[in-house]
Amino acid sequence: MATASPSVIIHALLSLVAFSVAVAEAAAAKVPAMYVFGDSTADVGSNNYLPGSAVPRANFPHNGVDFPTSRPTGRFSNGYNGVDFLALNMGFKRSPPPFLSVANRTNKQIARGLLGVNFASAGSGILDTTGDSIVAMSKQVKQFDTLRCNISARISKEAADNVLSRSLFLLSTGGNDIFAFFSANSTPTAEQKQLFTRDLVSQYKNHMKALYDLGARKIAVIDVPPIGCCPYPRSLHPLGACIDVLNELTRGFNKGVKDAMYSLSASLSGFKYSIGSSHAVVQSIMKHPQRLGFKEVTTACCGSGRFNGKTGCTPNATLCSNRHEYLFWDLLHPTHATSKLAAVAIYNGSLHFATPINFRQLVEDQS
């Protein structure tokens with residue numbers, strides 16, 4: 001099968017940006033609801049509601065400087081994150097609200113849950129052992145089960161099942177598990193990497209099976225980008241290069257997820273999916289930054305130390321002025337501009353950015 005050249009991919013990305021913005025601004029919601037699970041790449045404020053000083057949070061400046069009203073919301077971004085832009089492409093205003101903000105279960109809040117909820121928690125992973133003082137993926141699935149039961153009680157189980165079967169379930173996670181493994185063993189053997197990846201993918205598959213059993217039928221997964229090239233890992237490398245081990249683990253995990261999703265679709269009736277490749281988007285930006293409107297792809301816009309990758313984006317951190325030209329917002333997360341481009345590519349793009357179909361095709365599938 002022929003592979004598109006970099007120039008063709010770049011041209012297609014730029015064309016999609018203009019097209020998608022025009023379409024999204026005029027669109028009505030294309031699915032009944034959107035339910036989001038994952039880590040800080042998808043969190044829109046869940047961790048704001050968790051107790052304790054050890055909780056990873058982003059509800060302070062300079063985070064949110066480019067968000068409407070310039071306020072920090074808990075997103076690890078200067079503005080929107082990728083989930084917001086994907087929601088916009090689906091006809092929503094932005095990501096649905098955090099579950100913990102609608103968890104009192106009044107009639108009004110249950111009704112809001114019918115339009116979607118975001119369960120993602122920064123610092124969490126696929127494994128329960130990943131992260132401290134956060135909402136683990138297994139707990140996020142349980143929170144969804146709670147919401148599903150409340151919705152069923154309000155509108156009937158049959159009506160709830162119908163809504164859920166047509167809704168989009170979005171998952172974005174895995175990077176923190178890889179970082180945790182690397183932190184414990186920075187020089188793993190090939191066998192250790194293989195065993196870790198196999199176990200991680202297996203547990204991810206279990207989470208998706210659990211969501212299917214609770215009524216999910218349309219599953220959209222965002223893969224893990226080349227995290228070894230984020231400012232924080234670069235700051236650890238003597239030469240400031242990407243950390244290869246992290247990127248090898250990421251590639252192995254992403255391949256395993258592709259195989260797992262194919263297996264689930266073959267064995268579960270009505271299971272439909274798309275895998276959006278943030279990995280491919282970030283690689284495209286790093287290889288051709290200027291053609292995609294970026295000037296800085298190694299240093300974070302907000303942070304401190306080498307590559308601004310030693311600390312997170314705090315009120316006292318260094319802040320760049322040309323934020324739209326940066327790939328990275330902080331030591332690990334993308335800027336508003338990067339997230340916007342990634343969402344366009346994943347939602348409307350070619351097989352290079354989403355497989356076996358793109359998110360738009362998954363959303364619009366009525367079969």
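The model is predicted, so to speak of local features a pLDDT of at least 70 is needed, side-chain atom pairs count only at pLDDT 80 or more, and totals for chains, interfaces and linings use all residues. Residues are numbered from 1 along each chain as its sequence is written, and side-chain values use heavy atoms, leaving out hydrogens and water.

**The sheet**
- E1 (residues 34–38) and E3 (residues 168–172) run parallel over five bridges, and Tyr 35 has Phe 169 as its bridge partner.

**Strand E4**
- Five bridges join E3 to E4 in parallel, with Leu 170 partnered by Ala 220.
- On to E5 (residues 272–276), E4 again pairs in parallel over five bridges, and Val 221 stands opposite Ile 275.
- Five of the five residues of E4 (residues 218–222) are buried, so the strand is largely enclosed by the rest of the structure; buried means under 20% relative accessible area (1.4 Å probe, protein chains only).
- Lys 218, Ala 220 and Ile 222 cover one side, while Ile 219 and Val 221 lie on the other.

**Helix H2**
- Seven of the eight residues of H2 (residues 82–89) are buried, among them Phe 85 and Leu 86.
- Just after H2, Gly 91 takes a positive phi of about 100°.

Methods: Buried means under 20% relative accessible area, exposed over 50%, partly exposed in between (1.4 Å probe, protein chains only). Helices (H or I, at least four residues) and strands (E, at least two) are DSSP runs, numbered from the N terminus. Two strands pair if DSSP finds at least two bridges between them.
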